[in-house]
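Trainee: I would like to go through the labels used for this model and see what each one rests on.
Mentor: Then ask about them in turn.

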Amino acid sequence: MKKHVVLYKTLSAPLMARLKAHAEVTLIEDVKGTGLAQFKAALPQAHGLLGASLKLDATLLDLAPKLEAIASVSVGVDNYDIDYLHRRGIVLTNTPDVLTQTTADTGFALIMATARRVVELANLVRNGQWTQNLGAAHFGTDVHGKTLGIIGMGRIGEALAQRGHFGFGMPIIYHSHSAKPAVESRFGAGYRSLEALLQEADFVCLTLPLTAQTEGLIGAREFALMRRESIFINIARGKVVDEQALIEALQKGQIRAAGLDVFEREPIAPDSPLLKMDNVVATPHMGSATHETREAMARCAVDNLISALAGETPTNRVEG
Ligand code: DGY
């Protein structure tokens with residue numbers, strides 16, 4: 001008999017067919033809204049779950065006594081209580097690798113957009129305010145040759161370093177839980193303490209996961225260490241940063257600009273002060289959001305789930 005999968009993310013037709021060849025599938029749409037009651041009603045039958053962007057805590061998972069595996073369509077696993085899953089013997093998988101390059105592209109888009117004021121100046125043109133040659137009040141700052149500081153030197157950090165080093169001739173400095181000799185020799189990167197990186201980097205880019213250790217890592221003290229000319233980029237998770245402290249640092253001119261793809265609360269409140277600042281480029285958690293990459297992530301999650309439900313060890317099993 002086929003196992004039962006509750007899917008809370010829409011799949012392309014080929015992936016849906018692949019999953020259905022291995023499992024009975026219940027698709028829940030709008031799981032955070034109108035579909036939540038239907039999701040809860042389906043949990044008691046579920047052997048597998050596949051989806052993303054939903055906090056799956058004990059309150060929900062206690063409703064799923066048969067659950068064997070969860071395939072998250074994400075690399076980040078901050079929506080899951082890993083200890084709880086271990087206690088219950090539920091396998092969790094994620095989708096690393098397939099999104100690395102695309103997410104690094106997003107990071108670099110934010111670097112370029114903030115440094116060269118792309119959104120602000122494009123809006124000026126759109127609004128019919130381009131009436132004379134640009135003067136210094138609208139100049140940006142160079143990206144090439146500036147120091148790129150990366151906090152969290154995992155796969156995405158490395159892909160960002162690659163772009164900065166080979167594409168833009170940027171000296172690379174990084175902070176991570178351990179030194180990475182391979183990264184140092186490939187990109188000439190230098191390991192720094194968090195404080196030294198904040199003081200030295202022209203661009204401070206966050207690419208580290210959200211964990212109990214990294215939550216609130218960057219707050220008022222850290223922004224105060226950054227230089228007035230430095231630009232802050234977050235493509236990791238909003239909660240790694242004290243958002244109020246970021247707002248105050250921008251208001252006080254402690255940093256030059258911020259490029260933010262992630263926020264404490266998502267979607268961000270429309271009245272957030274961040275959205276009123278010309279020197280903030282805010283994007284809607286779009287790090288991996290290309291057709292190719294989202295399909296590759298979904299394919300990876302489907303394969304992970306099929307493998308886990310077959311009793312195999314899936315390639316992307318998340319270890320605690
Ligand atoms: C990820 O894969 O973790 C992205 O941030 C989407 O949540």
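**Labels and their cut-offs**

Mentor: Helix 5 is followed by Arg-117, whose phi is positive, near 55 degrees. The model is predicted, so local features need pLDDT of at least 70 and side-chain atom pairs count only at pLDDT 80 or more, while totals for chains, interfaces and linings use all residues. Residues are numbered from 1 along each chain as its sequence is written, and side-chain values use heavy atoms, with hydrogens and water left out.

Trainee: What makes residues 100-115 helix 5?
Mentor: Helices are DSSP runs of H or I with at least four residues, strands are runs of E with at least two, and both are numbered from the N terminus. Helix 5 has 16 residues. Its first and last C-alpha lie 23 Å apart, close to the expected 22 Å; the expected span is 1.5 Å times one less than the number of residues.

Trainee: Why is helix 5 called largely enclosed?
Mentor: Of its 16 residues, 12 are buried, so the rest of the structure largely encloses it. Buried means under 20% relative accessible area, exposed over 50%, and partly exposed in between, with a 1.4 Å probe and protein chains only. Among the buried residues are Phe-108, Leu-110 and Ile-111.

Trainee: Why is the pair of Phe-223 and Phe-232 called edge-to-face?
Mentor: Rings of Phe, Tyr and Trp (its six-membered ring) pair if their centres lie within 6.5 Å; planes under 30 degrees apart are stacked, over 60 edge-to-face, and the rest tilted. The count by this rule is five aromatic pairs. Here the centres are 5.2 Å apart and the planes stand at 80 degrees, so the pair is edge-to-face. Phe-223 has a relative accessible area of 0% and is therefore buried; Phe-232, also at 0%, is buried.

Trainee: How do you know that Arg-221 and Glu-195 form a salt bridge?
Mentor: The rule asks for a side-chain nitrogen of Lys or Arg within 4 Å of a carboxyl oxygen of Asp or Glu. The closest N and O atoms of Arg-221 and Glu-195 are 2.7 Å apart, which meets it. The pair links distant parts of the chain, helix 10 and helix 9, 26 residues apart. Arg-221, at 46%, is partly exposed, and so is Glu-195, at 31%.

Trainee: What makes Glu-195, Arg-221 and Glu-222 one network?
Mentor: Glu-222 also forms a salt bridge with Arg-221, with the closest N and O atoms 3.0 Å apart. Salt bridges that share partners join the three residues. Glu-222 has 8% relative accessibility, so it counts as buried.
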